[in-house]
Amino acid sequence: MKKLAVVGVCIVSLTVGCAFTPPETIGEVPSATTLPPASIDLVTPTPPPADVVPTEPTPTEPTPSVTPSAAPEAPAKVNCKKQKCVALTIDDGPSPLSDKVLDILAAKDVKATFFVMGSRVKQYPKAVKRMGAEGHSVQNHSYSHPQFWKMSADQIRSQLQRTNKLVKQQTGQQPTLFRPPYGQTNATIRKVGKELGMAQVLWNVDPNDWKDKDANTVVKRVLSGVKPGSIVLTHGLYPSTLEAYPIIIDKLRAKGYAFVSIPELVGKTPKPGANYSSGVKPKAKAKS
Ligand SMILES: [Zn+2]
């Protein structure tokens with residue numbers, strides 16, 4: 001009996017845990033020892049196994065006609081050179097919680113940037129379609145969240161290209177941005193991104209929401225870290241993070257922040273090969 005239970009735990013860990021809670025740290029090519037421990041915490045609800053959801057696109061079907069949410073719903077354009085802006089980024093989805101995340105963002109009228117994994121786009125295609133249809137920026141966070149810095153250029157390229165294709169099938173838009181898994185990067189990773197016409201996006205505020213699953217802690221860390229032009233890293237996988245979103249949004253808005261997507265925050269078409277960990281901030285007012 002005991003043996004059986006252990007086997008069960010391992011299977012759950014393999015299919016869900018390891019893939020669902022990849023922690024992120026930021027930096028250049030770490031040694032293996034600097035990598036945060038692989039967490040095996042489970043996400044509730046448990047996602048269905050990959051083979052439950054039909055995922056292959058019908059070859060005869062043309063690219064889905066998803067139009068980005070334009071007028072009349074589009075809010076007035078924010079100019080981050082004149083107004084304090086912040087970008088909320090949501091990694092490692094889509095997941096069974098994506099619809100809840102999208103409901104919160106819709107209720108608060110916030111456009112976020114999702115860095116999605118191709119393997120999960122296959123599992124939860126409708127969630128990704130909805131992200132695009134509701135005006136969020138849907139970008140590339142690899143296919144299966146591997147350690148890019150240990151991979152060849154060809155392997156990295158394959159991870160990014162597969163995900164680009166899957167995202168385009170659901171949103172009608174090909175990603176122009178990628179975030180390397182764990183935020184770890186090197187010259188090969190950037191070079192491949194550039195070849196694919198993509199810019200790399202890291203972050204400058206990390207509440208460690210994967211580690212400390214407590215909404216108040218997450219809120220506190222975000223509020224103390226955000227400055228004009230900040231890029232905030234979160235994971236839409238934890239109820240605690242979801243609980244934190246509306247509080248973060250309300251409190252930052254009360255301080256005069258506008259929530260924008262990364263393309264809006266960097267203030268121009270992201271340049272292939274560029275590397276962003278923050279964006280545009282208002283210029284200091286000239287003294288009169
Ligand atoms: Zn990640």
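The model is predicted. Its secondary structure consists of nine helices and 10 strands. The protein has 288 residues, of which 41% are buried.

**Overall contacts**

- Taking contacts between residues at least 6 apart in sequence, 80% link residues at least 24 apart.

**Strand pairing**

- Strand β3 pairs with strand β2 (residues 85-93) in the parallel sense, and the pairing runs over four bridges.
- Opposite phenylalanine 115 in β3 stands aspartate 91.

**Helices α4 and α5**

- Helix α4 covers residues 125-133 and helix α5 covers residues 153-171; their axes lie 8 Å apart.
- The two helices pack at an angle of about 65°. Angles of 65 to 115 degrees count as roughly perpendicular, and α4 and α5 are therefore roughly perpendicular to each other.
- The crossing of α4 and α5 is right-handed.
- On the α4 side, the contact involves Pro125, Val128, Lys129, Met131 and Gly132. On the α5 side, Val167, Gln170 and Thr171 take part.
- Sorted by class, the residues in the contact of α4 with α5 are four nonpolar, three polar and one charged.

**Alanine 133**

- Alanine 133 belongs to helix α4.
- Alanine 133 has 17 other C-beta atoms within 10 Å, so this residue is partly exposed. The cut-offs behind this are 20 or more for buried and 12 or fewer for exposed.
- From alanine 133 to glycine 172 the C-alpha to C-alpha distance is 9.4 Å, with the two residues 39 residues apart in sequence.

**Alanine 153**

- Alanine 153 is part of helix α5.
- Alanine 153 counts as exposed because it has 12 C-beta neighbours inside 10 Å.
- Leaving aside residues up to four places away in sequence, alanine 153 touches Thr188, Lys191 and Val192.
- Arginine 190 is 37 residues away from alanine 153 along the chain, and their C-alpha atoms are separated by 9.8 Å.

Notes:
Residues are numbered from 1 along each chain as its sequence is written. This is a predicted model: local features need pLDDT of at least 70, side-chain atom pairs count only at pLDDT 80 or more; totals for chains, interfaces and linings use all residues. Axes are lines fitted to C-alpha atoms, for helices over the stretch in contact, and angles run from 0 to 180 degrees between N-to-C directions. Angles under 35 degrees count as roughly parallel, over 145 as roughly antiparallel, 65 to 115 as roughly perpendicular and the rest as oblique. A crossing is left-handed if the near helix is turned anticlockwise from the far one by less than a right angle, and right-handed if clockwise. Two residues are in contact if their C-beta atoms, placed from the backbone, lie within 7 Å. Ala, Val, Leu, Ile, Met, Phe, Trp, Tyr, Cys and Pro count as nonpolar, Asp, Glu, Lys and Arg as charged, and the others, Gly among them, as polar. Two strands pair if DSSP finds at least two bridges between them.
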